[in-house]
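Keep the structure in view as you read.

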Amino acid sequence: MMKHKPAFHYFKRTLLHGVLGVGAIGFVFPFVWMILSSFMTNQEITSSPITLVPRSLFFGNFQLVFHEIPIMRSWLNSLLTAGLVVFFVLFSSSITGFMFAKMRFKGNNTLFTLVLSSLLFPAHVILIPLYLLASRLKLLDSYVGIILPFLISGFGVFLLRQFIYGIPDSLIDAARMDGASNIRIYMQIILPLIRPILSALGILIFVWTYDELLWPLTVINSNEMKTIPVVLGHFTRAHGQYPGASMAAAALVVVPVIIVYLFFQRNFTKGMSMTGTKY
Amino acid sequence: MDESAVINTKSRSRNTNWFVLIASVFLTGYYVLISAWPFLYNLFISFWKVNLASPGIYERFVGTAYYEQVFTDPVFIRSFLNTLIYLAVFVVVGLVISLVLAGLIQRTHGVVKKVFIAMYFAPVITSQAATALVWKLIYYPKVGILATFLTSAFGAQPQTFLQDPRIALFCIILLDMWKSIGLETVILLAGIEEIPDSLFEASVMDGARPFQQFLRITLPLLRPQIFFLVVIKSIYVFKVFIPVYMMTNYPQGGPMHSTQVLALNLYQQSFQNLRFSYGAVVSLVIFMLMLCFVIMQIRYYRSEAH
């Protein structure tokens with residue numbers, strides 16, 4: 001690098017930024033197009049010389065969305081179910097992760113293998129029995145039914161086990177000397193130390209659950225219980241001829257997430273890369 | 001010292017037992033209910049004619065009749081082949097692009113780097129169902145934004161994208177790559193940043209060019225990350241459902257079954273046609289395809305475990 005003249009170096013830098021910049025704009029463009037076309041009339045979107053910017057702000061698409069689907073209720077359903085799943089996964093992963101990492105007992109390895117084996121049976125492999133089970137337990141069309149298959153995550157248990165293993169034994173032994181119970185050690189020593197990995201895993205699980213479609217589609221019947229992806233699917237099926245309305249619905253789903261993302265961007269990428277490289 | 005140690009182990013074993021016992025019972029119970037039993041049940045109904053209306057729902061034992069039916073069904077065969085095409089394109093092309101991106105972003109610094117990462121990563125966190133709709137509009141036939149762009153920039157014929165059976169599947173794969181490349185890039189970038197700078201510096205002394213550095217240093221040292229991504233992405237592909245479901249018109253998987261994939265076939269047969277036994281067989285096919293990749297994943301986790 002030192003050998004090159006500054007002018008050449010500058011050229012290289014510009015080229016690098018240019019290539020990455022064009023790609024990045026391409027990556028962000030669908031979001032821009034989503035927002036722009038959500039304010040366009042049907043005619044503007046589908047007429048031949050395409051208009052990039054809406055001629056005037058047209059709110060008909062949003063009116064149709066709010067009129068046709070209980071989008072607020074779907075939002076609530078999605079946030080509630082994804083939030084519950086995050087809570088249960090964080091709780092179950094941290095407590096069993098603690099057990100697998102720091103306790104010696106017969107069958108530790110066997111049980112851990114059992115937990116990992118659950119990765120073999122995603123909803124796709126057991127969809128029909130799961131549906132029959134939910135129907136037998138009278139859980140169809142209920143929040144419990146929606147979250148039932150996602151309460152414990154083999155991936156989460158693995159991740160937390162790895163992380164908790166790194167906590168020095170001396171900390172735990174010292175607490176035991178003082179007569180602390182396992183629950184107390186979990187609450188007062190383990191939990192505060194694993195906060196970063198918990199938030200990383202939490203974000204990941206939230207994004208995954210929020211996006212879940214196959215199982216909710218199977219288990220939900222009524223309009224009131226539909227989560228965001230289910231409602232979007234049904235809405236476009238009914239209003240396929242109004243692309244602007246689909247964009248309005250999509251924008252209502254995507255924009256809040258993007259805003260949260262812009263504020264906590266570092267947490268998102270750091271969390272995801274942490275979980276991605278740790279194993 | 002000795003005395004307290006003895007007391008300590010005693011109390012520890014007593015506490016541990018309760019803690020471990022309760023947690024183990026919960027874990028085992030949950031997995032029996034949610035994984036093991038449903039799997040065996042799925043296997044069971046694949047040999048039975050199931051009718052939800054009849055009492056006890058099992059009408060009669062039919063042996064491997066449903067297996068023969070599924071394996072000779074052209075729609076199933078199409079969905080199977082499409083899933084394999086999806087696998088090859090999505091995994092290979094996606095990885096190459098994210099490797100190049102990671103290699104380029106590695107050479108940027110400061111705010112510029114952060115902005116680039118943020119932009120490439122944005123699709124990862126947004127809802128797949130919503131972004132699939134956006135891409136459906138981008139692919140609007142003939143007069144849509146992408147068709148117009150391709151026509152005016154390259155003079156291409158106005159394309160119909162999702163309505164063209166020859167390219168519809170690839171259009172869907174492209175959306176899915178857009179969605180996932182950010183995550184792969186970030187994972188690879190984190191891997192690159194763990195490579196000691198001294199290696200790059202030494203290679204510069206030896207006169208290596210950036211491209212050679214990438215081939216000789218970056219790529220070999222990223223093998224664990226690449227391996228992991230191949231496994232994870234492959235498992236994802238066998239389960240792919242949302243993009244096809246959202247982007248193709250009802251009944252999904254068209255035109256002419258050109259975008260039919262296994263998970264969609266499973267859903268349609270089981271819950272739109274109510275052919276549960278057929279669906280059970282498709283489930284088992286997905287399971288068999290995933291099996292060796294998931295075993296690799298589990299072995300990888302176990303080898304990482306201390």
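Q: How far apart do the C-alpha centres of domain 1 of chain B and domain 2 of chain B lie?
A: This is a predicted model: local features need pLDDT of at least 70, side-chain atom pairs count only at pLDDT 80 or more, and totals for chains, interfaces and linings use all residues. Residues are numbered from 1 along each chain as its sequence is written, while chains are lettered from A and ligands numbered from 1 in the order in which they are written. Chain B has domain 1 (2-45) and domain 2 (73-304), with bounds from an automatic or database domain assignment. Their C-alpha centres are separated by 38 Å.

Q: Which helix of chain A gives the most residues to the side that touches chain B?
A: Contact here means that two C-beta atoms, placed from the backbone, lie within 7 Å. By that rule, 81 residues of chain A are in contact with 82 residues of chain B. Helices (H or I, at least four residues) and strands (E, at least two) are DSSP runs, numbered from the N terminus. With twelve residues, the top giver in chain A is helix α1 (residues 6-38).

Q: Is W215(A) buried or exposed?
A: Look in helix α12 (residues 214-219) of chain A. A residue is buried if 20 or more other C-beta atoms (placed from the backbone) lie within 10 Å of its own, exposed if 12 or fewer, and partly exposed in between. W215(A) has 23 C-beta neighbours inside 10 Å, so it counts as buried.

Q: Which residues of chain A does I286(B) touch, not counting residues up to four places away in sequence?
A: A nonpolar core is a set of buried Ala, Val, Leu, Ile, Met, Phe, Trp, Tyr and Cys residues joined through C-beta atoms within 7 Å. The largest one has 159 residues, and I286(B) is among those with the most contacts inside it. In chain B, I286(B) touches F238(B), L262(B), A263(B) and L266(B). In chain A, I286(B) touches H124(A) and V125(A).
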